[in-house]
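Here is a short briefing on one protein model. Look at the sheet, the helix packed on it and the confidence values in turn.

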Amino acid sequence: MASQADLFAPAMKPPKAPEGRAEPRLWIRRLAIFKDRETIIRDVSLKPGLNIIWTPDMSSTSRRALAHGSGKTTFCRLLRACLGEPSYATDAQRLRLMTRLPNGLFAAEILIDGVCWVAARPLGLPGGEFVVQADTIEDAIARGRSDGDQGTIDTVIIDTFFPTLTGATPPEIGREQVWDVLRSWLTRDQECRLADILAWRSSQTQTRSRAQVLGETAKLTMVRLALRALDAEERAAAARERELVATVEDERRRHAYQQQRYADGLKAVRLALGASDEVGFEDTIDQKGLVSLAEAALAEAMRTAVPKPPDVGAIFARQKALNAERETLTTKQQQLDNDARFKRGEAERYRSEANLGEIDITQGRIRVCPVCRVSIDEIKANGCGISLEPCDLATLKSAIADKQRKAADLDAEAGGAEQESKLVGAQIQQLEPKRLALESEVKTADDATRATHAVTKEIQDRIYRARRTLDDVRSLRESAKNEKPAPSGTAALDAVRVQLDAGRTRARVAIRTLEERYQGVMAAWLPEGITSAIKLDGHGLKVDAEFAGRGEVSTAALDSLKIVAFDLAALHMAIEEQADLPAFLIHDSPREADLDGQLYAGLFNLVHQWEEAGTPCFQYIVTTTTAPPSELQDERYVRLQMSSTPAEMRLFAMDI
C-alpha cells in the first residue's frame with residue numbers, strides 16, 4: 001500500500017532523451033504483407049512516438065460491424081515475428097493462412113541506431129525467413145535470401161542493447177534468449193489481459209517463446225536486470241542462496257527420511273518383542289526396557305534344543321543289502337529259466353530226429369528205410385538204388401533208441417531246473433514284504449529328516465531374528481541419543497539473505513526512479529485522489545494503486561491500469577536511457593470493458609504529450625476498438641484503421 005508521501009509525488013515530466021538523440025534507437029518504420037513477391041496486400045507505415053491501430057466499435061461509427069476479428073492482434077504478432085518471435089500465429093491460424101496465401105510473406109523495416117534492417121518471413125511453408133540490411137522491404141525481397149543471412153534479428157538487438165546482461169541472466173536463460181524474454185515483456189500477449197507485471201505470454205497463443213515456460217523468479221530477475229536494479233553482488237548472493245537452500249532442503253529431506261526410518265524401526269522392534277508404545281529402551285522400576293527384552297528373547301531362542309535327525313544310514317544299508325539279495329535271486333531264477341528252455345529245445349530236437357527212423361513195432365515190420373525213406377519190403381525185393389551198402393538195421397535201431405533216451409534225460413533235467421526256478425521265485429516273493437517295509441521305513445525317515453530340518457531352520461531363524469532385533473534396538477538407542485533437530489537454516493544462509501536484503505536496498509535507488517515514473521504516469525493519466533507505489537522485497541516486485549472514492553472501478557480495470565502504467569514507466573526510463581531496454585512498447589487492446597472512457601482516453605493524451613514535448617525517441621504502438629481522442633484520429637496517429645466487415649477492410653484484405 002502506498003504511503004502518505006505518495007500523495008506528493010513529483011509531477012510527471014515528459015521523458016527527455018540524451019543530447020543528440022534524433023530518433024528511437026529501435027523502431028519499426030513499416031510493415032508490409034504480400035500475396036506473393038510482387039503483390040502487396042497491406043502496407044502500413046509507422047513512426048516514432050504514438051501509433052494507433054484502430055478498429056472502431058459500434059459506438060464510434062454508424063456501421064454495424066463488430067470491432068473484433070479485423071486483425072489487430074495478428075498485426076501485433078506480425079510485428080513481434082519480425083522482431084524475432086518464433087511463431088506469428090497459432091497452428092490453426094497459420095494453416096489457414098498457408099492455405100489462402102501459399103506464396104505470401106510479410107516483412108518489416110526495423111531501424112536500429114539509424115541502420116535499416118529488413119526482416120522477411122513467409123506466410124506459407126516455413127524456412128524462408130531472413131534478415132538483411134537494406135534500404136526498403138522491396139530491395140530486400142528483390143535481393144532474396146542468401147546463404148549466411150541471419151534467420152532472426154535477435155543477435156543484432158542483443159549486441160546493441162544487452163551486452164552488459166551477458167553472464168548475468170538466470171541459469172535457465174541463455175545469452176541468445178535475452179531478447180526473446182524481454183521482447184515478451186515489451187509486446188505482451190493480448191490473451192494475458194494485463195493481469196500481472198510478469199504475465200507476458202499465454203500458452204494458448206503457441207508463440208514458442210522462452211518466456212512462455214519461465215518461472216516468476218527468472219522473469220523478475222530479467223526485469224530487474226533491464227531496469228538496472230540488480231547488481232553483481234546481489235546476483236552472486238542470489239546464486240549462493242539457491243545453492244544453500246538446495247543444500248538445506250536436501251538435509252531436511254534426509255532428516256525426514258531418517259525420522260521415518262527411526263519410527264518404522266521402533267515400531268518393528270516393539271512388534272517383534274510384543275512391547276507397547278510406552279516401553280522405552282532402558283529398564284525402569286515397573287518394566288523391562290526394549291534392550292533387556294531383546295537380550296532375553298535372544299537367550300531364549302539360543303536355549304531351544306535342536307532335534308536330532310533319524311539315522312537313515314543304517315536303513316539305507318539294510319535296504320541296499322536286501323536289494324542285493326533280491327538281485328542275486330532274480331539273476332539265478334533267470335539263469336534257471338534259460339537252462340530249462342534250452343534243455344526242452346534240445347530234447348525236442350532229439351525226438352524229431354528219432355521219429356524220422358521210427359520202427360512200427362505194432363505191425364511187426366519196418367515200414368520205411370530211415371536213410372532213404374523207401375519201403376523196406378521194396379528194398380528187400382528189388383534192392384536199394386541209393387546206398388551202395390546194405391542197410392544196418394540194428395545200428396539204426398540203436399541210434400534211434402539213443403536219441404529217444406537223450407530227449408528223455410533232457411526233459412528230466414529241464415523239469416528239475418523249472419522246479420528249482422519256482423523255489424527261487426518263492427524266495428523272491430518272501431523278500432517283497434521286507435522290501436516294502438524298508439521303503440516305508442525310508443519314507444518315514446525322510447519325512448522325519450525334513451521335519452527336523454524345518455524345525456532346525458525355524459530355530460536358527462528365530463535366533464537370527466532375535467539377534468537382529470537386539471542389534472536394531474541398540475542401533476535405535478544410539479540414534480535416539482545422537483538425534484539432531486531438523487535443520488531450520490544455516491548461518492551461511494542467514495548471512496546470504498542479509499546480503500540479498502542489502503542488494504535490494506541498493507536496488508531501491510533504481511526502483512525508486514521507476515516508482516517516481518510510475519507515480520508520475522498515474523498522476524498525469526488519472527484523476528486526483530489516487531495513491532500508488534512500487535515495492536521490491538523478498539516476495540517480488542509489486543505495483544500498487546488505489547482510487548479514493550472510486551468504487552465503480554473494478555479490480556480487473558484497476559489491475560490493467562497498473563500494468564499499463566508500469567510499462568509506460570519503464571518506457572520513460574528507456575527513453576532517458578536509464579534502463580537497458582529499447583524505448584519500444586506494444587499494447588494490444590489495453591482497455592478493460594468497464595474502464596471509464598475518459599480514463600482510457602488519458603492514456604493516448606499522455607503518450608501524445610510525450611511525443612509533442614520534443615523529438616520522440618520512442619515508439620508506442622497501441623491497438624484499440626474504442627475511439628481515441630478526436631484530435632488523435634487523423635492519419636498522423638491512426639496508422640491503420642480496419643473493420644471486421646467487409647473482408648477488404650480486414651488486415652489481410654480477405655476472409656481467412
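Two strands count as paired if DSSP finds at least two bridges between them. Strand β1, residues 26-34, is joined to β2 by five bridges. The model is predicted, and its mean pLDDT is 84.

**The sheet**
- Five strands make up an open sheet, ordered β2-β1-β4-β5-β6.
- The pairing in this sheet is antiparallel.
- Strands of a sheet pair through backbone hydrogen bonds, in parallel or antiparallel fashion.
- β2 (40-45) and β6 (130-133) are the edge strands, and each pairs on one side only.
- On average, neighbouring strands of the sheet are turned by 20° against each other, direction ignored.

**The β1-β2 pair**
- β1 and β2 run antiparallel.
- Within this pair, Ala32 stands opposite Asp43 of β2.

**A helix across the strands**
- Helix α4 (residues 154-161) lies across β1, β4 (105-112) and β5 (115-122).
- Relative to β4, α4 runs at about 15°.

**Confidence**
- A pLDDT of 70 or more is reached by 83% of the residues.
- Confidence is highest in β1, at a mean of 98.
- Confidence is lowest in helix α10 (residues 376-382), with a mean of 64.
- Residues 1-8 have pLDDT below 50, and this stretch has 10 contacts in the model beyond near neighbours in sequence.
- Residues 359-366 also stay under 50. For them the model has eight contacts beyond four places in sequence.
- Where pLDDT is low, predicted coordinates should not be read in detail.

Notes. Residues numbered from 1 in each chain as written. Predicted model: local features only at pLDDT ≥ 70, side-chain atom pairs only at ≥ 80, totals over all residues. Heavy atoms only, no water. Helix = DSSP H or I, 4+ residues; strand = E, 2+ residues; numbered from the N terminus. Axes fitted to C-alpha atoms, helices over the stretch in contact; angles between N-to-C directions. Contact = heavy atoms within 4.5 Å. pLDDT = per-residue confidence, 0-100.
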